[in-house]
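User: I would like to go through this model with you, starting with individual residues and then turning to the whole. Please keep the answers plain and give the cut-offs as they come up.

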Amino acid sequence: RDRGTVIAESERVYGRDALPFSVHTRAHVDVELEQALASGGFHEIASTPGMVFHPQAGTAAASPAGLEIHAVDSEDDREAYADVMAEAYAVYGSPETSTQAFFARMEAVRGPTTQAYLGRVGGRAVSGATLYLSHGIGGVGWVGTVPSAFGRGYGAALTWRVVAEGLRRGVPLLNLQASPMGAPVYRRMGFES
């Protein structure tokens, strides 16, 4: 966990092919490492806090007018979901083809422990979010909205849909890793860091 070990191991893995790399740190245990990395020329790109939602922590707001939310259950929905996420995460510099590749198979959006939801307005896919279940806990992932639809509450509505489904399935809490734009929205919804 010391800076020297982190850099040496990163160089061993990525340096051979001269690939760029980032180091993810955890605020609750890596303060000294973060300081050492900063003094060695590393800089913070984004803070993505882990957040938790407990039942009764918040009350879902009304869904935005015209937004229709449904479970992703067809190849057409899977493809639309992949397109929404590719466009949404491109804002953070994620290559669209890489994001789309993540959702190339139905298993990425639908299965015993996974269910993606897609939001459409006027038939156009604009937002999505995914419920993940593991070890009795719910996870909220891949919440995204196409940039042309920002600021309308679609991401929050999709997150509420995932939360509701997780609670319906009996999870005691749901967690997520918040994006820089998402963290304030999740805090207003009742998620805690």
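**Residues, charges and overall form**

Analyst: Arginine 152 is partly exposed, because its relative accessibility is 45%; buried means under 20% relative accessible area, exposed over 50%, and partly exposed in between (1.4 Å probe, protein chains only). Please note that this is a predicted model, in which local features need pLDDT of at least 70, side-chain atom pairs count only at pLDDT 80 or more, and totals for chains, interfaces and linings use all residues. Residues are numbered from 1 along each chain as its sequence is written, and side-chain values use heavy atoms, with hydrogens and water left out.

User: Where is the place of arginine 152?

Analyst: Arginine 152 sits in the loop between strand E6 (137-145) and helix H5 (154-168). Helices (H or I, at least four residues) and strands (E, at least two) are DSSP runs, numbered from the N terminus. In space, the C-alpha atoms of arginine 152 and alanine 65 are 9.4 Å apart, while 87 residues separate the two in sequence.

User: How many helices and strands are there in the protein?

Analyst: The protein has six helices and seven strands. Along the sequence they follow the pattern α-α-β-β-α-α-β-β-β-β-α-β-α.

User: And what box do the C-alpha atoms fill?

Analyst: Taken along the principal axes, the box is roughly 50 × 35 × 30 Å. Of the 193 residues, 36% count as buried.

User: What share of the contacts join residues at least 24 apart?

Analyst: The share is 68%, among contacts between residues at least 6 apart in sequence. Contact means heavy atoms within 4.5 Å.

User: Let us take alanine 178. Is it buried or exposed?

Analyst: Alanine 178 counts as buried because its relative accessibility is 0%. It belongs to the loop between strand E7 (174-177) and helix H6 (182-189).

User: Which residues is alanine 178 in contact with, leaving aside its neighbours within four places in sequence?

Analyst: Those residues are Ser47, Thr48, Pro49, Met51, Ala183 and Tyr186. Methionine 51 lies 127 residues from alanine 178 in sequence, yet their C-alpha atoms are 6.9 Å apart.

User: Changing topic to charge: how many salt bridges does the structure hold?

Analyst: There are eight salt bridges, each defined as a side-chain nitrogen of Lys or Arg within 4 Å of a carboxyl oxygen of Asp or Glu. Side chains of opposite charge can pair when their charged atoms come close.

User: Which residue forms a salt bridge with arginine 12?

Analyst: The partner is glutamate 9, with the closest N and O atoms 2.9 Å apart. Both lie in helix H1 (residues 3-14), three residues apart, about one turn of the helix. Arginine 12 is exposed because its relative accessibility is 54%, whereas glutamate 9, at 39%, is partly exposed.

User: What about glutamate 75 and arginine 78?

Analyst: Their side chains meet in a salt bridge of 2.8 Å, N to O. Because the two are three residues apart in helix H3, about one helical turn separates them. Glutamate 75 is partly exposed at 45% relative accessibility, but arginine 78 is buried at 12%.

User: And where do aspartate 77 and arginine 120 lie?

Analyst: Aspartate 77 and arginine 120 form a salt bridge, with the closest N and O atoms 3.3 Å apart. Aspartate 77 lies in helix H3 and arginine 120 in strand E4 (residues 114-121), so the pair ties together parts that are 43 residues apart in sequence. Aspartate 77 is buried, with a relative accessible area of 7%. Salt bridges that share partners also join Arg161, Glu165, Arg168 and Arg169 into one network.

User: Which residues form the negative surface patch?

Analyst: The negative patch consists of Asp76, Glu79, Asp83, Glu87 and Glu96. Patches are made of residues with over 30% relative accessible area and no salt bridge, like charges being joined within 9 Å and nonpolar side chains (Val, Leu, Ile, Met, Phe, Trp, Tyr) within 5 Å. Lys and Arg count as positive and Asp and Glu as negative, while His and the chain ends are not counted; the place of a charge is taken as NZ of Lys, CZ of Arg, CG of Asp or CD of Glu. Helix H3 (residues 75-90) gives the most to this patch, with four residues.

User: Which residues form the nonpolar patch?

Analyst: Val91, Tyr92, Phe150 and Met181 form it, with about 350 Å² of accessible area together. Valine 91 is in the loop between H3 and helix H4 (96-102), and is partly exposed at 41%.

Key:
Accessible areas come from the Shrake-Rupley method with a 1.4 Å probe; for residues, only the protein chains shown count as cover.
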